[in-house]
Amino acid sequence: MARKLDHHAATLGTSLDLPYRSDALAALVRLMTTFSNARFQSHIVNTAALPEDPHAIPALFAIATNAANSPSSLAIGLHCSPATASRVIDRLAAHRLVARVAHPDDRRATQLELTASGAEQARAVFAAGDHLMERLLEGWSWAEREQFTSSLTRFAAALDHETQRAAHS
């Protein structure tokens, strides 16, 4: 089969160098890109008990932290379609990590809950994150770690405030 080429499209070459004026923003974008990469996550977390699915770790995290407690909220949290979220839930359920249960107040609604194995895997994911931070901060003084944590926590709070402000505008 012949490949499709878009001859009519004007391109700028292979990449566009758009440096941020803020080194902090450039670093954050690099961090978000790395931390959200499924291959990187699989490198950090022992995935033997997880389904082979790029959404498995983020889904497990979202359910464990109550960021997603329904199929629709999981789809929103994973930035995917409801059908994709349903497949992820199917895979997690097949590995006995997540269970679909009736919502206690609305029997028509489905709620997502971790099983005992799912909670164990979630704890392993969090522990792997803690070990990663220890490796990344190796050689940092206690004062540097405290300053980093304080600044990052303050930044996250400002971002939370901005997110809430944007949601209400």
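Start with the largest nonpolar core, which has 25 residues; Val45, Leu74 and Leu92 have the most contacts inside it. A nonpolar core here is a set of buried Ala, Val, Leu, Ile, Met, Phe, Trp, Tyr and Cys residues joined through side-chain atoms within 4.5 Å. Buried means under 20% relative accessible area, exposed means over 50%, and partly exposed lies in between (1.4 Å probe, protein chains only).

A note on the model: it is predicted, so local features need pLDDT of at least 70 and side-chain atom pairs pLDDT 80 or more, while totals for chains, interfaces and linings use all residues. Residues are numbered from 1 along each chain as its sequence is written, and side-chain values use heavy atoms, with hydrogens and water left out.

Stop 1: Helices are DSSP runs of H or I with at least four residues, strands are runs of E with at least two, and both are numbered from the N terminus. α3 gives the largest share of the core, six residues. Now select Leu74. Beyond its neighbours within four places in sequence, Leu74 is in contact with Ala59, Ala62, Ile63, Ala68, Ala85, Ile89 and Leu112. Contact means heavy atoms within 4.5 Å.

**Stop 2: helix α3.** Select residues 56–64. Ala56, Ile57, Ala59, Leu60, Ala62 and Ile63 are buried in this helix, α3. What covers the buried residues of α3? Look for α2 (38–44), α4, α5, β1, β2 (110–114) and α6 among the covering elements. Step past the end of α3 to Asn66, whose phi is positive, near 60°.

**Stop 3: α3 against α6.** Axes are lines fitted to C-alpha atoms, for helices over the stretch in contact, with angles from 0 to 180 degrees between N-to-C directions. Show side chains next. From α3, Ile57, Leu60, Phe61 and Ala64 meet Gly118, Gln121, Ala122, Val125 and Phe126 of α6. By class, this contact of α3 with α6 has seven nonpolar, two polar and no charged residues. Ala, Val, Leu, Ile, Met, Phe, Trp, Tyr, Cys and Pro count as nonpolar, Asp, Glu, Lys and Arg as charged, and the others, Gly among them, as polar.

**Stop 4: Ile44.** Go to Ile44 in helix α2. Is Ile44 buried or exposed? Ile44 is buried, at 16% relative accessibility. Draw a distance to Ala128: the C-alpha atoms are 6.3 Å apart, across 84 residues of sequence. Leaving aside neighbours within four places in sequence, Ile44 is in contact with Ala128, Leu132 and Arg135.

**Stop 5: salt bridges.** The count is five salt bridges, each a side-chain nitrogen of Lys or Arg within 4 Å of a carboxyl oxygen of Asp or Glu.

- Asp90 and Arg100: the closest N and O atoms are 2.2 Å apart. Asp90 is in α5 (82–94) and Arg100 in β1 (98–102), so the pair ties together parts 10 residues apart in sequence. Asp90 is partly exposed at 39%, and Arg100 is partly exposed at 40%.
- Arg108 and Asp106: N to O is 3.1 Å. Arg108 is exposed at 77%; Asp106 is partly exposed at 27%.
- Arg145 and Glu134: the closest N and O atoms are 3.3 Å apart. Arg145 sits in α7 (142–167) and Glu134 in α6, 11 residues apart. Arg145 is buried at 17%, whereas Glu134 is partly exposed at 46%.
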